[in-house]
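Visitor: I have a structure to go through with you. Can we take it piece by piece?

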Amino acid sequence: MITVENLTKRYGGFTAVDDISFQVRPGSVVGFLGPNGAGKSTAMRMMTGLTPATSGRATILGRTYRELHNPGRQVGVMLDASAQHPGRTGREVLRVAAVSVGVGKARVEEVLTLVGLTDKEAGRRVRNYSLGMRQRLGIAAALLGEPQVLVLDEPANGLDPQGIHWMRGLLRRFADGGGTVLLSSHLLHEVQIVADDLVMIGRGRIVAMGSKEELLARGGTTVQSTDDARLTRLLEAAGVPVSRTGSGLVVDGEARVVGEIAARESVVLLELRSGGSEGLEEMFLGLTAATSREGDAA
Ligand SMILES: Nc1ncnc2c1ncn2[C@@H]1O[C@H](COP(=O)(O)OP(=O)(O)OP(=O)(O)O)[C@@H](O)[C@H]1O
């Protein structure tokens, strides 16, 4: 399990990670979500001993990363898939890592199969890898020591839809087998299907966290009608907050209330659903817009 307690990182007067605390339980996948520059990578670097915390601490299986004996056997880490040696073949990268983790060559072949890199691909130099292949290789390296915990920074980056589907399956099976997974992303939909819990971060701070179901329920009601503009006016007149999405409306109110107003005013509903992901997306954007660092520059 991963425990993060009051973790803070300051660079001079700038606070990149601001007093964050959360846990990842064994058997679960936690999505660590936030816009660019929110502090996800910095937090993960502190968790994995790559950068010291200014204050607070993170433990994995009860110890700080630096206290772990042979950490590669306990925690699989992928922070920067492009950091692999470009002049080595994928297989060479894994064989070098296997020596430091203390596993044999057979395990290298096992993880290559696990991540779907073919014999031919494994024999190619990493500089000629596509981004998706690099991600697969990074995940293979993380899995090498048969760890119980995975810490993955943006593992879906560069994967095509089939690759994302594959990765979800892999992480789900890992967690279902009792493993603990923390994965970051700046895209909600990338992690939403696989994550059990979500931790949303903006400007270094946690802006929302909880189980996916809880957060989905907070995301309000998704509505589509034949006349969304009129329905919006009616709902607003009734004091129900409404926001527009690409495909309809998200209403901060119960489905029943929306249904009753629509029925009374003869608006034809095409869809009425509580806890839709559109609501969660809206909430995510809303919560993090105010805290997006990139927004500052815009
Ligand atoms: N070594 C450093 N010195 C100064 N500032 C830093 C350093 N490392 C990170 N930062 C700043 O801390 C903030 C958080 O960066 P971080 O890389 O953790 O964000 P992130 O959520 O991982 O974003 P992304 O999705 O873009 O990778 C950014 O504003 C970044 O510029």
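Guide: Two strands pair if DSSP finds at least two bridges between them. By that rule, β10 (residues 221–225) and β12 (residues 249–251) pair, with three bridges in the antiparallel sense. Keep in mind that this is a predicted model.

Visitor: Which residue of β12 stands opposite V223?

Guide: L249 stands opposite V223.

Visitor: What sheet do those strands belong to, and in what order?

Guide: The sheet is open and has four strands, in the order β11-β12-β10-β13. Its pairing is antiparallel.

Visitor: Which strands are at the edges?

Guide: β11 (242–244) and β13 (269–274). Each has a single partner strand, so one side of each has no neighbour in the sheet. From one strand to the next, the twist averages 20°.

Visitor: Which strands does helix α10 lie across?

Guide: Helix α10 (residues 255–264) lies across β10, β12 and β13. Relative to β13, α10 runs at about 160°.

Visitor: OK, switching to the other end. How do β1 and β2 run, and how many bridges join them?

Guide: They run antiparallel, with seven bridges between β1 (residues 2–11) and β2 (residues 14–24).

Visitor: How many bridges between β1 and β4?

Guide: Five, in the antiparallel sense. S55 in β4 is the bridge partner of T8.

Visitor: Now the ligand. How many residues surround it, and which are the closest?

Guide: Twelve residues surround the ligand. The closest are A16, N36, K40, S41 and T42.

Visitor: Which helix gives the most to that shell?

Guide: Helix α1 (residues 40–47), with three residues.

Visitor: And by class, what is the shell made of?

Guide: Seven polar, three nonpolar and two charged residues.

Visitor: On to helix packing. At what angle do α2 and α3 pack?

Guide: About 130°, with the axes 9 Å apart. That pairs α2 (residues 90–101) with α3 (residues 105–114). The two helices are therefore oblique to each other. The crossing of α2 and α3 is right-handed.

Visitor: Which residues make the contact?

Guide: From α2, they are R91, L94, R95 and A98. From α3, they are K105, R107, V108, V111 and L112. By class, that contact has five nonpolar, four charged and no polar residues.

Visitor: How do α2 and α5 cross?

Guide: At roughly 20°, and the axes of α2 and α5 (residues 131–143) come within 10 Å. Why call them roughly parallel? Angles under 35 degrees count as roughly parallel, and α2 and α5 therefore fall in that class. Their crossing is right-handed.

Visitor: Which residues meet there?

Guide: G90, V93, L94 and A97 of α2 meet L137, A140 and A141 of α5. The contact of α2 with α5 divides into six nonpolar, one polar and no charged residues.

Key: Residues are numbered from 1 along each chain as its sequence is written. This is a predicted model: local features need pLDDT of at least 70, side-chain atom pairs count only at pLDDT 80 or more; totals for chains, interfaces and linings use all residues. A residue is near a molecule or strand if its C-beta atom, placed from the backbone, lies within 6 Å of it. Ala, Val, Leu, Ile, Met, Phe, Trp, Tyr, Cys and Pro count as nonpolar, Asp, Glu, Lys and Arg as charged, and the others, Gly among them, as polar. Axes are lines fitted to C-alpha atoms, for helices over the stretch in contact, and angles run from 0 to 180 degrees between N-to-C directions. Angles under 35 degrees count as roughly parallel, over 145 as roughly antiparallel, 65 to 115 as roughly perpendicular and the rest as oblique. A crossing is left-handed if the near helix is turned anticlockwise from the far one by less than a right angle, and right-handed if clockwise. Two residues are in contact if their C-beta atoms, placed from the backbone, lie within 7 Å.
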